[in-house]
Amino acid sequence: MKQRKYDVIINEAAKNLYWMNGIESYLEHTQHEQLDEYIKIKRAIMYGNPWAIRDLVHNEIRRGDVKLTKEFLNLLFNQHTGYSEINHRKVLQYVAHSIDNEYIRKIASWSIRWSQRALLNDHFSRGQMESKLWMVDELKRVFPNKKIGTIAHYGGWYATVAQHLFENFDIKNYWNLEQDLQCIQISDDFNYEHKNNQWQFKAIGVDVKDIHWRSRRGGSDVDGGSEYFVCKATNVEGKLIEIDVWPDLIINTSCEHMDNSWHQAIPDGKMICLQTNDYFSNEQHTNCCEDLEAAVEKYPMSHVIYKGEIKTENYKRFMIIGVK
Ligand SMILES: C[S@@+](CC[C@H](N)C(=O)[O-])C[C@H]1O[C@@H](n2cnc3c(N)ncnc32)[C@H](O)[C@@H]1O
């Protein structure tokens, strides 16, 4: 019998699940033992692969009938039935039901509240996922004792990468400095456990161009490299309070979205980890770099600890870790 190929998405409703590729990259990268199972889920839901469907239905038979079984079967057969009520939240719920992983469970429960407003396909694209995991890997080499201290993440978006950093490092505070107020809610919600732990994680509404570094405190100079800045955030009682941010590491994975003034303002001696890219054709990108050398020139450091690039499907991403 001639084998039919199952590599086309037929059901329109399932054409918008590109975040599944990023989750696959994550499971590949972490060598998760259920990677093959996940690939079957992708093949079944996105392409209607009958052998994948057979194995997954078999799994549901083994697990037994639960409240959501019918919905899971609707998802599994969607490419053949044309089931149109497929969405990010439902597919994530099924993935979290099948794959034993804390990060996926967190994305699934967070998506119940945010899947209509957060850009899942952009945030969990293969390129985004690979770029973040690459950063975590290189930071592990830079901080072998795992102690980072305080992180200021400029333009940290939904800051889902914070979970990997909390898992791998000893972090005192993680401040996501974001100009987009919705990203503040979304990232605070994703990281709610650390947020509820006395703001170990907290997103703060600020345009990073407006950060003013201070070198004096209590009438005396602070040590070089220990400069800080002050931000404002609303606490649980609804009161606007001032926070002194003393970053040991400044991360900026959104350099292509802003001019260089954030970098120019950072005092010498501060540790920075930045990523940018050559994705000029993306209309949101106002400040890309031709190549890695152009990035090194644009963001000068007194000591470059790491510089490198990775190739993703649509662009090259550059990363520099160093001391300014
Ligand atoms: C599309 S996202 C992030 C893309 C990036 N590649 C990443 O994965 O982190 C860009 C983020 O930068 C934020 N942003 C851009 N300019 C900013 C600024 N001047 N201050 C604070 N946040 C900024 C935006 O609000 C947005 O959340």
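Is W157 buried or exposed, and how many other C-beta atoms lie within 10 Å? W157 is buried, with 22 other C-beta atoms within 10 Å, where buried stands for 20 or more such atoms, exposed for 12 or fewer, and partly exposed for anything in between, the C-beta atoms being placed from the backbone. Before I go on, please keep in mind that this is a predicted model, in which local features need a pLDDT of at least 70 and side-chain atom pairs count only at pLDDT 80 or more, while totals for chains, interfaces and linings use all residues. Residues are numbered from 1 along each chain as its sequence is written.

To stay with W157 for a moment, its place is in the loop between β1 (147-154) and α10 (161-168), and its phi is near 60 degrees, a positive value in a residue other than glycine.

Let me turn to the chain as a whole. The protein chain has 14 helices and 11 strands. Its radius of gyration, taken over C-alpha atoms, is 22 Å, close to the 20 Å that the globule rule gives for 324 residues, so the chain is as compact as a globular protein of that length; the rule itself is 2.2 Å times the number of residues to the power 0.38. Along the principal axes, the C-alpha atoms fill a box of roughly 80 × 45 × 35 Å. Of the 324 residues, 36% count as buried. Among contacts with a separation of 6 or more, 58% come from residues 24 or more positions apart, a contact being two residues whose C-beta atoms, placed from the backbone, lie within 7 Å.

Next, the domains. The assignment, which is an automatic or database one, gives domain 1 (5-121) and domain 2 (126-323), and their centres, taken over C-alpha atoms, are separated by 32 Å. Domain 1 brings 12 residues to the contact and domain 2 brings 11. On the domain 1 side, α1 (19-29) and α7 (102-114) each supply at least two residues. That side divides into 5 nonpolar, 4 polar and 3 charged residues, where Ala, Val, Leu, Ile, Met, Phe, Trp, Tyr, Cys and Pro count as nonpolar, Asp, Glu, Lys and Arg as charged, and the others, Gly among them, as polar.

Within α1, the residues W19, M20, G22, I23, S25, Y26 and L27 are buried, and what covers them includes α2 (35-47), α6 (88-98), α7, α8 (120-123) and α9 (126-142). After α1 comes Q31, whose phi is positive, near 50 degrees. Q31 lies in the loop between α1 and α2, and it counts as exposed because it has 7 C-beta neighbours inside 10 Å.

What about the nonpolar core? The largest one has 73 residues, of which I23, I45, V91, V95, I151 and C273 touch the most other members; such a core is a set of buried Ala, Val, Leu, Ile, Met, Phe, Trp, Tyr and Cys residues joined through C-beta atoms within 7 Å. Domain 1 and domain 2 both give residues to this core, so it lies between them. Taking V91 as one of its members, and leaving aside neighbours within four places in sequence, V91 is in contact with L17, I45, L75 and I86.

F318, in strand β11 (residues 316-323), counts as buried because it has 28 C-beta neighbours inside 10 Å. Beyond four places in sequence, F318 is in contact with Q275, T276, N277, C289, L292, A295 and E309. K298, in helix α14 (residues 292-298), is partly exposed, with 17 other C-beta atoms within 10 Å. With residues up to four places away again not counted, K298 touches N260 and C289.

Finally, the ligand. Of the 15 residues around the ligand, G155, Q179, D180, T253 and S254 come nearest, and a residue is taken as near when its C-beta atom, placed from the backbone, lies within 6 Å. This shell divides into 5 nonpolar, 6 polar and 4 charged residues.

Definitions and conventions
Helix = DSSP H or I, 4+ residues; strand = E, 2+ residues; numbered from the N terminus.
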